[in-house]
Each structure stands twice: as C-alpha cells, then as structure tokens.
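Open the model in a viewer and keep the sequence panel beside it. The tour below goes from one selection to the next.

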Amino acid sequence: MTEQKNNHSLIIIGAGAAALTASIYASRYKMEHIIIGSAPGGQVFEAHRVCNFPTEQDISGAKLVAKMQKHTESLGNRILVDEIIDIKKENNEFKITTQAKKIYFAKAVLLATGTEHRQLNLPDEDKFIGRGVSYCATCDALFYKDKVVAVVGGSDSANTASLYLAEIAKKVYQIYRKDKLRGETTWINQIEKNEKIEVIYETEVVGLMGENQLEKIKLSKSYKDQSEIETDGLFVEIGAVPQTALIKQLTLGTDEAGYVKVNADQTTSQEGVWAAGDITNGSNNFRQIITACSEGAIATENIFQFLQKDKI
C-alpha cells in the first residue's frame with residue numbers, strides 16, 4: 001500500500017442524513033472536505049414513508065435521501081463509496097485507511113456512521129438471512145407478495161413495516177413483547193383498523209425453523225393454542241445499535257448503551273473528533289432524521305471554528 005499525503009481539512013465518515021447535512025454546511029463555510037461512506041442514506045434509505053420531515057408531507061426514505069444527495073453534489077461534493085478499516089491519530093492529524101487501500105489524512109473528523117439493525121440473536125438467524133429473515137421491509141417486502149409474514153417489534157419502525165407489508169402480503173403477524181404498541185398514534189390507529197394485521201402481545205420469537213428457507217417461528221407462549229406459526233418471512237424491527245468499530249479505535253467516551261457521548265457542540269472525548277446523528281447520545285436520544293441533520297449542522301459549525309483557530 002503506497003502511503004501518499006492525501007490531506008483534507010475535514011473528513012466526514014458516513015453518508016446518512018447527518019453526514020450529508022454536514023457536507024452541505026461545510027461547503028457553505030468553504031471548508032475543504034470529503035465524505036466517505038458505504039452507501040448514501042444509511043437507514044433513512046430503508047424508510048417506507050417519512051411524514052414528519054419539514055417540506056415533505058409524505059415521501060419515501062429513498063427519495064428523501066436522493067434529494068439530500070443531490071443538494072450535496074450540487075455544491076461540488078461527492079460520496080467516496082468505501083469502508084474505513086482503520087483510523088488513528090498521529091502528530092495532531094488523523095490517518096484513515098480504507099478497504100480499497102486508500103490512505104487519507106485530516107485535521108478534523110466527523111463520525112456519522114449511524115447504527116445497525118439489532119438482531120434477535122437466535123440460533124440459525126444468520127442462516128436464514130435472505131432466506132426468510134430480513135431487517136428491511138422496504139428492501140424485501142416485494143418478495144412476499146400474497147404470502148404470510150411476521151414482524152417483530154412494537155415501535156414506529158415495526159409499526160410502519162407492518163403497514164407497508166400489509167399492502168403486499170396476504171397476512172401480517174406483528175409480535176411484540178409488551179402489552180401495547182408504542183410510537184406515533186397515527187400508525188397504531190391504522191394497524192388497529194387493518195384487517196390483514198394481527199398483533200400478538202406479550203410474546204417473543206424464540207426459535208426459527210425450516211430447511212433451506214424459513215418455514216415457521218416459535219413463540220415464547222402459545223397463541224390460539226399454538227406455540228408455532230407458519231410464515232414465509234420474518235422482519236426484525238427491534239431497534240438498532242451503534243456501529244462500534246471506529247468508536248473503539250478512536251477510544252471515544254460512550255454511554256452504557258454504546259452511543260458516543262457528545263457535548264452541546266457535538267464534540268467528543270477525543271480532540272479533533274466530532275460525532276453526529278444516530279451514533280450519539282445527543283438530542284435527548286431522540287433519533288430522528290431531523291435531529292441527525294441538526295447535529296450534523298451544529299458539528300460542522302464548531303469544526304469550522306476549530307479549524308479557524310488553527311490558522312491563527
């Protein structure tokens with residue numbers, strides 16, 4: 001690997017709402033920067049419907065991401081599609097190595113890598129991924145046209161997944177470990193009125209069965225005298241966890257759940273590193289697209305001040 005001085009003022013790691021917003025603000029501040037991420041949009045891309053983002057009464061996550069990306073690229077920026085495998089601080093700058101064997105250097109880093117789907121951690125779960133088990137209804141729903149599916153979870157992500165799947169599948173079981181759904185009342189009301197959706201409360205999925213394809217799920221307690229349900233697909237919507245690899249490499253301070261601790265200006269425990277979006281414990285842990293955008297903007301403003309001081 002040839003090490004060449006590929007220097008930048010700021011490197012934004014990630015390509016979701018926080019990262020794209022940060023890039024827009026960085027351009028407005030005339031800050032030289034690049035964005036490195038595996039794919040534009042992050043989990044926003046997977047959202048079937050977004051109805052609470054200003055100016056957008058009803059839009060898919062994919063279309064919202066496309067708008068953000070277009071705005072970013074209109075300012076002369078582009079996303080370098082790559083994955084960072086190593087990051088370290090050397091002589092007051094950050095050395096970043098990517099999977100494509102590229103090396104970059106930066107005075108400041110904004111970490112906006114978001115979260116990844118939480119799994120059920122059941123035996124054979126990995127075996128059935130892509131063979132009946134999915135973590136993205138928007139991505140995989142069409143594979144289950146006129147079939148029976150189940151959704152695990154009871155918050156907004158699970159609720160919207162159930163409603164979307166009900167438009168395609170012939171039957172949707174929603175399995176939730178608590179006694180009532182939570183999240184936006186609008187979605188809950190729609191679920192209660194939808195004849196295709198059957199919610200099973202105070203129950204968990206404890207087993208996955210099938211040969212080469214998921215055929216049945218096992219429940220923690222009997223439902224209608226059955227402890228197993230035949231289903232063609234299982235959509236896991238039980239939240240997310242922060243992507244920890246770079247957090248550990250940068251030795252950033254985290255809360256008990258593993259989210260990066262940030263101050264009001266999005267600074268972290270490591271000088272020269274800011275964090276924004278779902279990966280942080282900011283915005284009162286209210287992880288929304290708009291709060292990710294807000295954190296990205298706040299971080300960039302503070303990074304600008306930091307880099308200006310460096311010029312003095």
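**Stop 1**

Begin by selecting D232, which is partly exposed at a relative accessible area of 32%. The model is a predicted one. D232 sits in the loop between β14 (226-230) and β15 (233-236).

**Stop 2: salt bridges**

How many salt bridges does the structure hold? The count is 6, and the next selections show some of them.

Select R49 and D58. These two form a salt bridge, and their closest N and O atoms are 2.7 Å apart. R49 is partly exposed, with 32% relative accessible area. D58 is also classed as partly exposed, at 45% relative accessibility.

Move on to K88 and D86, whose side chains meet in a salt bridge with an N to O distance of 3.7 Å. K88 has a relative accessible area of 37% and is partly exposed; D86, at 25%, counts as partly exposed too.

Next, select E198 and K171. Their salt bridge brings the closest N and O atoms to 2.6 Å. This pair links distant parts of the chain, with E198 in strand β11 (residues 197-200) and K171 in strand β10 (residues 171-175), 27 residues apart. Are E198 and K171 buried or exposed? Both E198 and K171 are buried.

**Stop 3: cysteines**

Select C136 and C139. A disulfide joins them, with the sulfur atoms 2.1 Å apart. The structure's disulfide count is 1. Look along the S-S bond: the angle about it is 70°, and the link of C136 and C139 is right-handed. C136 is buried, at a relative accessible area of 6%, whereas C139 is partly exposed, at 44%.

Then select C51, which is in no disulfide. Which cysteine has the sulfur nearest to that of C51? The nearest one belongs to C293, 16 Å away. C51 counts as partly exposed, with 32% relative accessibility.

End the tour at C293. C293 is buried, with a relative accessible area of 11%.

Notes
Residues numbered from 1 in each chain as written. Predicted model: local features only at pLDDT ≥ 70, side-chain atom pairs only at ≥ 80, totals over all residues. Heavy atoms only, no water. Helix = DSSP H or I, 4+ residues; strand = E, 2+ residues; numbered from the N terminus. Buried < 20%, exposed > 50% of the residue type's maximum accessible area, 1.4 Å probe, protein only. Salt bridge = Lys/Arg side-chain N within 4 Å of Asp/Glu carboxyl O. Disulfide = S-S within 2.5 Å.
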